[in-house]
Amino acid sequence: MKIIHLSDTHIGHKGLGERFGMIVDDLTRRHPLNPANHLVVHTGDLIHRASADNRNEARALLDRLRGFGYPVLLCPGNHDYGDSLSVGAQAARDFQAAFGDYLFQDGQEGFPSLYLRGDCAFIGLDSSAAELRGPSRLLAEGFLGVAQLSRLNALLDSDQLLGKKIVIFLHHHPFSFGYSVSPDVGDGRLFFNLFAGLTRPFRRLKDAHSFARLVRDRARVLLFGHMHHGLDCSGEAMKYGIPLALDGGSSTCAEAGEDRMRYRIIDLRIMTRETRFLPLPG
Ligand SMILES: [Fe+2]
Ligand SMILES: [Fe+2]
């Protein structure tokens with residue numbers, strides 16, 4: 001089984017829907033893969049802002065992938081439930097209503113979601129679940145919550161996962177202190193970079209430590225997005241006994257300064273990955 005990892009497509013923002021369309025073309029026409037042993041995992045921020053127009057555009061693109069034959073698994077990101085500054089309960093309900101068949105493969109609504117395929121178990125989380133109300137909505141840095149973590153613990157202990165290779169996917173980066181890519185000193189964004197650098201240790205998945213402790217030595221693969229850096233975080237994950245941890249970056253290059261699109265294909269049998277590149281339009 002191989003995973004096509006997509007993330008942070010931010011449909012609705014500056015032509016990124018068109019770019020996602022190019023990725024869909026690549027996967028279905030130009031360089032199609034065998035749907036019998038490939039599935040798509042999208043780790044959230046599917047859309048840029050919670051609106052019906054964006055959801056409809058995104059839905060059509062995911063439908064094209066699924067129509068080709070790929071199973072498509074999805075977890076929600078903060079932009080799916082609001083935007084970069086806050087998330088909201090109504091937007092979360094709207095997103096789950098619009099994409100329930102992608103979020104909940106087993107037909108049971110609620111997170112963790114579960115999809116079993118061969119010797120693999122794919123578990124999706126909602127990393128905004130516990131910050132949909134009150135002041136923690138602001139900045140939308142992610143909060144899995146005690147209830148979801150408790151359900152995850154029980155699921156990992158359940159008989160149906162016995163002997164399965166566990167793949168957990170969520171939107172927000174899961175390590176306690178995250179990681180940072182040091183910006184160019186001479187990029188003219190001194191105050192932004194200072195703010196980002198100084199506040200980063202506090203702006204992170206609020207229960208990252210609890211999550212990492214819970215999945216320690218139990219998950220084989222962690223997939224996530226949110227930071228748009230696209231880094232391989234396996235070094236950090238190895239501290240928790242997890243061999244492979246990948247940040248999908250923004251498949252459509254939502255971040256300025258990228259010069260090509262890319263997505264990874266992860267081979268779960270031999271635990272390796274390759275990257276496909278696509279030129280930006282224009
Ligand atoms: Fe994002
Ligand atoms: Fe995000």
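Biologist: Which residues does Ala121 touch, not counting residues up to four places away in sequence?
Modeller: This is a predicted model, in which local features need pLDDT of at least 70 and side-chain atom pairs count only at pLDDT 80 or more, while totals for chains, interfaces and linings use all residues. Residues are numbered from 1 along each chain as its sequence is written, chains are lettered from A and ligands numbered from 1 in the order in which they are written, and side-chain values use heavy atoms, with hydrogens and water left out. With contact taken as heavy atoms within 4.5 Å, the residues that Ala121 touches are Leu114, Tyr115, Leu116, Leu161, Lys164, Lys165, Ile166 and Val167.

Biologist: Is Ala121 buried or exposed?
Modeller: Ala121 lies in strand E5 (residues 120-124), where strands (E, at least two residues) and helices (H or I, at least four) are DSSP runs numbered from the N terminus. Relative accessible area under 20% means buried, over 50% exposed and in between partly exposed, with a 1.4 Å probe and protein chains only. Because its relative accessibility is 0%, Ala121 counts as buried.

Biologist: Which residue in E9 is the bridge partner of Lys2?
Modeller: Two strands pair if DSSP finds at least two bridges between them, and strand E1 (residues 2-6) is joined by four bridges to strand E9 (residues 260-267), the two running antiparallel. E1 also pairs with strand E2 (residues 38-42) in the parallel sense over five bridges, and there the partner of Lys2 is His38. In E9, by contrast, the bridge partner of Lys2 is Asp267.

Biologist: Which are the edge strands of the open sheet of five strands?
Modeller: The sheet has mixed pairing and the order E3-E2-E1-E9-E10. Four of the five residues of E1 are buried, so this strand is largely enclosed by the rest of the structure. Pairing on one side only marks the edge strands, which are strand E3 (72-74) and strand E10 (272-279).

Biologist: How many nonpolar residues does the contact of H4 with H6 have?
Modeller: The axes of helix H4 (residues 146-157) and helix H6 (residues 208-215) come within 11 Å and cross at roughly 5°, where axes are lines fitted to C-alpha atoms, for helices over the stretch in contact, and angles run from 0 to 180 degrees between N-to-C directions. The contact is made by Leu149, Leu152, Asn153 and Leu156 of H4 and by Ser210, Phe211, Leu214 and Val215 of H6. Ala, Val, Leu, Ile, Met, Phe, Trp, Tyr, Cys and Pro count as nonpolar, Asp, Glu, Lys and Arg as charged, and the others, Gly among them, as polar. By class the contact has no charged residues, two polar ones and, as nonpolar residues, six.
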